[in-house]
Amino acid sequence: MSSSDSQWWRDAVIYQVYPRSYADSDGDGVGDIPGIRARLAHLSALGVDAIWMSPWYPSPMADAGYDVADFRDIDPVFGSLAEAEALIEEAHAAGIRMIVDIVPNHISSEHPWFKAALADPEAKERDYFWFRPGRGDDGERMPTDWRGEFGGTTWTRTPDGSWYLHLFTPEQPDLNWDHPDVRAEFESILRFWFDRGVDGIRIDSAALLLKDPELPEVLEDSPHPFHDLDGVHDVYRSWRRIADSYGGDRALIGEVWMPEVERFANYLRPDELHAAFNFDFLGCAWDPRLMRDCVDRTLHAHAAVGAPATWVLSNHDVTRHVTRYGREDTTFSFDNNLDGTPVDLELGTRRARAAALLSLSLPGATYIYQGEELGLWENENIPPEEYQDPMWGRRGHSRDGCRVPLPWTGDEAPFGFTTATPWLPQPAEWKDRTAQAQTGDPSSMLELYRSAIALRRAEPGLHRGEMAWLDLTPSVLAFCRGQDFACVVNMSGAPVALPAHQSTLLASSPLDGDRLPPDTAVWLRMRT
């Protein structure tokens with residue numbers, strides 16, 4: 001791997017692998033590490049700079065691996081620690097960096113710490129969690145009425161009558177980050193993975209770690225008792241010192257859901273995280289004014305702390321953007337996942353192609369969720385009895401539709417993903433979206449991504465080139481990067497004239513002479 005640029009995370013193309021759904025090597029219907037190794041060539045051909053690996057640790061899978069029982073091993077369903085180390089080495093040999101997922105807010109109820117805490121009220125491990133007596137004379141009322149991240153209650157009563165806190169499922173007890181043993185353990189976990197060569201850490205639910213020990217209720221006009229407390233920044237300053245001690249090219253990337261851009265930027269100060277996911281962009285409507293405002297807010301917030309912006313269209317928690325962009329309401333919220341709104345997949349695909357060129361040409365790093373490069377849409381036809389997501393029944397919808405296994409080859413499910421029945425069903429219509437069917441087809445989504453990433457790597461203006469808006473018409477989003485590169489996105493329902501230019505580098509859909517069709521993006525070489 002080239003080490004010429006130690007700040008690789010500033011403009012990297014990073015690909016999220018959801019290991020259960022990438023590729024299955026042993027015929028059990030669930031993806032695994034040998035499957036990823038066997039399909040590593042796909043990512044190399046795509047041209048990505050890094051892989052972000054969703055949790056692969058031992059877990060009872062109450063929340064698809066985000067309930068971790070051991071951060072220093074691999075769940076047998078995915079393989080072994082030795083196979084994980086081999087994947088890291090093979091990715092590096094292919095010029096691809098590795099990012100692993102760490103979940104610091106909570107652990108599994110099957111973790112040795114929690115089992116010890118539950119077995120003995122006097123155990124030291126009790127202080128590693130939020131055990132509290134209940135309210136009322138009989139202690140039968142929960143300590144607070146906090147609402148969980150998945151909906152529902154946030155406290156579960158134990159056989160000894162006390163209650164423990166869990167912002168997610170009862171199988172995910174929250175850790176007490178005021179305890180030095182908790183902080184020391186996660187610092188050790190970071191070193192464990194850095195010692196094995198990983199290049200970055202993705203931090204789940206990064207703003208939730210600390211809680212107000214007084215356990216006040218969530219009130220509109222009062223400080224929030226468990227979201228974005230100031231003390232959480234001390235945790236990430238200590239983590240940054242650890243990352244920097246490994247040579248300065250290890251990155252910390254936070255999942256920070258934060259509506260206030262100033263508070264969001266606090267996580268990206270020079271002595272804290274290197275980057276954080278930009279959910280404002282992910283949730284933005286397909287509208288040129290709103291999108292431009294979103295980009296401006298993002299770049300302004302990041303410039304204030306000298307951090308790189310990130311551009312994300314989909315991930316393992318949200319409706320795939322081909323589906324979102326095919327709806328009248330193109331914004332994202334957890335409540336519009338399975339709302340029955342009609343979807344125009346042709347429109348959604350056309351917009352997704354344009355969004356790919358938009359996200360890959362903005363200043364900063366771009367994240368691609370597996371299957372995005374194949375143009376996959378949300379599988380909204382999974383029978384409810386097959387749902388495995390704990391959100392189902394809590395918020396009334398499931399995230400499983402975006403987690404369906406990838407289609408690789410063939411005309412019928414399971415499309416080369418496995419030799420067995422996949423853990424979630426694949427739409428039969430995906431036969432035209434397999435990697436095999438799209439390879440070599442210049443009109444396919446896969447070849448569009450391959451071409452765009454290759455051009456991004458070769459184009460000087462797309463590395464660190466300054467960005468300036470081009471004011472064309474209100475229905476068009478257009479900007480320059482560097483001296484002579486421009487991206488133009490037509491978000492209207494009618495063709496528009498292209499600005500004067502020297503040549504066309506890449507278009508998301510065929511052009512009509514010098515006119516840009518609706519919901520189409522183009523990269524241009526401008527006249528200088």
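I began with the ring cluster: ring pairs link Trp56, Tyr57, Phe71, Trp177, Phe186, Phe192, Trp193, Tyr236, Trp239 and Tyr267. I paired rings of Phe, Tyr and Trp (its six-membered ring) if their centres lie within 6.5 Å, with planes under 30 degrees apart counted as stacked, over 60 as edge-to-face and the rest as tilted.

The model is predicted, and local features need pLDDT of at least 70, side-chain atom pairs pLDDT 80 or more, while totals for chains, interfaces and linings use all residues. Residues are numbered from 1 along each chain as its sequence is written, and side-chain values use heavy atoms, without hydrogens and water.

I searched the whole structure and found 30 aromatic pairs. One of these is Phe114 with Tyr164, edge-to-face at 4.9 Å centre to centre and 65° between the planes. Phe114 belongs to helix α4 and Tyr164 to strand β6 (residues 163-165), so the pair ties together parts 50 residues apart in sequence. I took helices (H or I, at least four residues) and strands (E, at least two) as DSSP runs, numbered from the N terminus. Phe114 and Tyr164 are both buried (under 20% relative accessible area, 1.4 Å probe, protein chains only).

I then looked up Tyr236 and Trp239: their ring centres are 5.5 Å apart with planes at 80°, so this pair is edge-to-face. Both lie in helix α6, three residues apart, and both are buried.

Last, I examined α5 (residues 180-195), where the buried residues include Phe186, Phe192 and Trp193. The charged end of Arg196 sits over the ring of Phe192, 3.7 Å from its centre (CZ of Arg within 6 Å of the ring centre and within 35 degrees of the ring normal).

Conventions: Buried means under 20% relative accessible area, exposed over 50%, partly exposed in between (1.4 Å probe, protein chains only).
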